[in-house]
Amino acid sequence: MATFDLELVSPERLLLSRPVEMAVIPAYEGEMGVLPGHAPMIVALRGGVIRVTEGGRETESLFIMGGFAEITPGRVTVLADEATPLASLSRTTAAQRVTEAEAALAAAANDAPEIRDRASDRLMAARAMQDAAQAA
Amino acid sequence: MASLKDLRGRINSVKSTRKITQAMKMVAAAKLRRAQAQAEAARPYAQRMERMLASLGAAVVGSPDAPRMLIGTGRDQVHLLIVVTAERGLSGAFNTNAGRFARARIRALEAEGKTVKLLTVGRKGATYLKREFASRVVGEISYANVKRIGFEQADEIATRITAMLEAGEFDVCSLVYNRFQSVISQVASEQRLIPAPLPANDPGTAEGSQALYEYEPGEEELLSALLPKNLAIQIYRALLESAAGFYGSQMTAMDNATRNAGDMINRLTLNYNRTRQANITRELIEIISGAEAV
């Protein structure tokens, strides 16, 4: 089956760089399955799980805390704010993140709308992390 | 003239100093390697970010409601300087260089009639600059108790700058830090953060393909999310380079100190032996002339 190059980078390191058959990425406006030859796009990502398919099987799934992806017919680059393999997600950290994000949102109640939006995005990402941790 | 006992004491104390500087040099070398590896690991993200920004920025630039972070406030009055230095000393001229560079910039800007605000990162720069420019310091950030600088810290600084920008507290923001050129050479330099300098569009490849990109959500929303990230990345890179530079500088400084201590030990040992010899000769003369007198 045809493949494309998938690159997953976080600010701290390059996590993944190899040809894959399909990747499902958590785009801002809904999950998006990317196959080779996809139309060029730049999308924002929300907190969610990236699933990678190779050889007809799902081989890799990582949780990301939002970020961006650049898609071209032969290559997908995912810039993740933070990425953790699903297997090493911990429920307690996730729960802690949710509490923190809730507190941050509450504290931002009187700030500018952009700051409030950012806080609520973070809370959503933290909730997604909790869901992913529970499912894993 | 110093007695033999004094000399022996001094030789021993210089020897233990040499042991310490040697150990510090070794530690700095190990940490330098780690810091360099970390800086290396951060590069792919920065490169890809740049590529995306180049294509997005070109699509938005010139539009009147482009984000502030890209085009600035349109004025050039209040400058925010972020000065990055180390938390600790014993690193040669590392902190002084950054401090001196910042001071020259502040002087130059104020001579042009601009207002300068300072945000210091690292304890050493804060103490250096506060002596002269205490009234301009709007904030101090110190990572003395953070073991390893991560992206988190950079993000924190970026968030703070973003909040200040929203509040209209400055017009132009730049970063002063020691750029890592090589292990033995770090250059104090300035980098503009806001308005963000757009990475040059590679005319061959990007120009052709960028028109074809679809954006989700729109260009402007994307850009307003991408720019703060980019800001954090730039700061992260500066922090890492500064950290690598610090260890490089410390390594060189400690190497010099070790060598100097060695020279000093040689000199003192020579002195010690001469004094000892002189004492023996003197005693001999005393005994011989005593025997002759009998």
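In the predicted model, strand E3 (residues 22-27) of chain A pairs with strand E5 of chain A in the antiparallel sense, and four bridges hold this pairing. Within it, Met22(A) of the one strand stands opposite Thr53(A) of E5(A). E3(A) is also joined to strand E4 (residues 30-34) of chain A, with which it runs antiparallel over five bridges, and here Val24(A) stands opposite Gly33(A) in E4(A). E3(A) and E4(A) form a hairpin, in which two residues lie between the strands.

Met41(A) has Glu214(B) as its bridge partner in E6(B). The contact between the chains draws on 21 residues from chain A and 23 residues from chain B. On the side of chain A that touches chain B, two or more residues each come from strands E1 (4-10), E2 (13-20), E5 (41-54), E6 (57-72) and E7 (75-80) of chain A, and E5(A) gives the most, with four residues. By class, this side of chain A comprises 14 nonpolar, two polar and five charged residues.

In chain B, the buried residues of helix H4 (residues 123-133) are Lys124(B), Gly125(B), Ala126(B), Tyr128(B) and Leu129(B). The elements that cover these buried residues of H4(B) include strand E1 (78-84), helix H3 (94-111), strand E2 (115-121) and strand E3 (137-141), which belong to chain B.

Terms used
Residues are numbered from 1 along each chain as its sequence is written. Chains are lettered from A and ligands numbered from 1 in the order in which they are written. This is a predicted model: local features need pLDDT of at least 70, side-chain atom pairs count only at pLDDT 80 or more; totals for chains, interfaces and linings use all residues. Two residues are in contact if their C-beta atoms, placed from the backbone, lie within 7 Å. Ala, Val, Leu, Ile, Met, Phe, Trp, Tyr, Cys and Pro count as nonpolar, Asp, Glu, Lys and Arg as charged, and the others, Gly among them, as polar. Two strands pair if DSSP finds at least two bridges between them. A residue is buried if 20 or more other C-beta atoms lie within 10 Å of its own, exposed if 12 or fewer, and partly exposed in between; C-beta atoms are placed from the backbone.
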